[in-house]
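Here is a short note to read beside the model. Please keep the sequence and the 3D view open while you go through the points.

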Amino acid sequence: MTQRIEDYALIGDLQTAALVGINGSIDWLCLPRFDSAACFAALLGDEDNGHWRIAPKGAGNCTSRSYVGESLVLESVWETRTGTVRVTDFMPQRDVAPDIVRIVECVSGSVEMSATLRLRFDFGSIVPWMRRSDGHRVAVAGPDSVWLRSEPKVKTWGQQYSTISSFTVSEGEKVAFVLTWHPSHEPRPPLVDPYEELANSLEDWEKWAVHCRYQGPHRAAVMRSLITLKALTYAPTGGIVAAPTTSLPEELGGVRNWDYRYCWLRDSTLALGALVSAGYLQEAAAWRDWLLRAVAGDPADLQIMYGLGGERRLPEYELPWLKGYANSAPVRIGNDAVSQLQLDVYGEVIDSLHVAMNAGLASKPHAWNLQLTLLGFLESKWREPDEGLWEVRGPRRHFVHSKVMAWVAADRAVRTLEAHPSLNGDVSRWRAMRDEVHKEVCEKGYDPVRNTFTQSYGSQELDAATLLIPRVGFLPPDDPRVVGTVDAVRAELGHEGLLNRYSTQGKKTDGLPGNEGTFLACSFWLADALHATGRTDEARELFEQLLELRNDVGLLSEEYDPAAKRQLGNFPQAFSHIGLVVTALGLYGENLAEPTESAETMDSSDTLDTTG
């Protein structure tokens, strides 16, 4: 039986991540990076596509599970007829190679355990050659090699192209399994001590968590979201992936299935603001520096997303041997939206660098010249139609949000030059551009009859992205056009209190068949807009409704289906967790402790000895 998306929990080592089901099965893992091929792909197919399950013999889902404190160490507990057993799952901070550690501990009585390891490299398509070596089970296929060992040793045998083991633990007894990946042409990496790594991981996460400044209501939810954002950060570069998965559907059985294992520029401003406000200046500086490297080059070549290291080529193709989660095909690798023209990203980049400067992050000498170059290009392009924030695969249009973000780009340049007149730049030129964009958007993107901004010039459709108009400063929150837009979007795009991004009924804006769930980030934006327009009680009520949608370990996907009461889309989703943090800070931001890091000296080259 297919696990629900919300039945999974996340473990990771800041370079990749695994999804652990409530039944004790790891059904998704890409090695060695977030964007590598998966060796466990049952999530998008079935058990034959790779998984690793450890659970009591004959048992189903665990009785309970939780993370240990403010960490990414997962504990799952089964209460059986003969005893209680706990399985602790985590990925140690990487030294040489990625490891997954699974520690089985009998809490009371005695429990017979069963373990099945079914490795399938290249997204579940390649059965490796298995052999024994020096007390290990070794799997090799092409460039991939995986070593499995246990402490103490338990008997394993091959069965149906899988490695099986069965053993019994009594009260106080432990068995640790360690799975290690490395390139097959290299020697086996040094062995890690599972218990030492567990202690180190818990200590490192504890040290990292103390930097959180937020002390207000729902702190546990905010902290879990921050931990999730850290877990989605590719430590070598500072890039934050949108999600660790591909092709989890926006509609069960539908075709809206995309690869989110890359870094989107649209996340940059909100992510930076959330990290800075919450006290995580190191992560903010690393994300800022990733951004500067990724967008360097000809501004005409700016992309909406990049690879973990800033890679530009992310070709999209399908995997026909995977039937898709809940038969939602196709399964896609790569993302063709990378080639779209989305003019809003210029504003996102410039706004992000403006946030970084105001936060006092150590300045980069080329950052301002880069902004001027991007703005000079945008000055000549902002009047053109584009594909917009939501990556529609239909005709280009004059999306209001894209124009608003062009205004943001010019506005931030004006503000920067006014605050720092010694910088080079023609403030009057950018002030004129700002005024021109503002005038056009108010004339062409606003429907005076309905008192709302629309999705694009001349359209009747609405767009949740227009809720960001007061946040970015395009108009003040008390402007009647802002209040009208909030009310109209809430009425037309709302569904049981949550929001769709835009209408997928009738004429298709996005050029795709089918529908999708309510979009969680947009629902957080609605809470922000309600608060900004003076309806704080309603905003807090919506925020608490959104918190109830998190799964049992505090994670959110991209979307939610109110009718089926299920999470949808890639999981866990950075955009959703950024929204949670930003909304909490907006509603309860007075509850902030003094920062533990100095912004003036913080640079991404500074390091903390942590796993998160």
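**Notes on the model**

1. Leaving aside its neighbours within four places in sequence, T116 is in contact (heavy atoms within 4.5 Å) with H51, W52, R53, S162, T163 and I164. T116 lies in strand β9, residues 99-118. T116 is buried, its relative accessible area being 17%; buried means under 20%, exposed over 50%, and partly exposed in between, with a 1.4 Å probe and protein chains only.

2. This is a predicted model, in which local features need pLDDT of at least 70 and side-chain atom pairs count only at pLDDT 80 or more, while totals for chains, interfaces and linings use all residues. Residues are numbered from 1 along each chain as its sequence is written, and side-chain values use heavy atoms, with hydrogens and water left out.

3. The protein has 14 helices and 28 strands. Helices (H or I, at least four residues) and strands (E, at least two) are DSSP runs, numbered from the N terminus.

4. How does the radius of gyration of the protein compare with that of a compact globule? For 612 residues the globule value would be near 25 Å, and the protein has 25 Å, which agrees. The radius is taken over C-alpha atoms, and the globule rule is 2.2 Å times the number of residues to the power 0.38. The C-alpha trace spans about 75 × 50 × 45 Å along its principal axes. Of the 612 residues, 62% are buried.

5. Strands β6 (residues 64-67) and β7 (residues 74-79) run antiparallel and are joined by four bridges; two strands pair if DSSP finds at least two bridges between them. Y67 has L74 in β7 as its bridge partner. Six residues lie between the strands of this hairpin, where G69 takes a positive phi near 55°. β7 also pairs with β8 (residues 83-90), in the antiparallel sense, over six bridges. Here S76 stands opposite V87 in β8, and three residues lie between β7 and β8 in their hairpin.

6. Helix α13 (residues 536-547) has 12 residues, which at 1.5 Å a residue should span 16 Å; its end C-alpha atoms are 16 Å apart, which agrees. The expected span is 1.5 Å times one less than the number of residues.

7. Which residues of α13 are buried? They are A539, L542, F543, L546 and L547. These residues cover an arc of only 145° around the axis, which puts them on the same side of α13; the arc is that of the directions from the helix axis to the C-beta atoms. The face turned away from the buried side carries the exposed residues D537 and E541. Cover for the buried residues includes α3 (219-231), β25 (498-499), α12 (520-532) and α14 (574-588).
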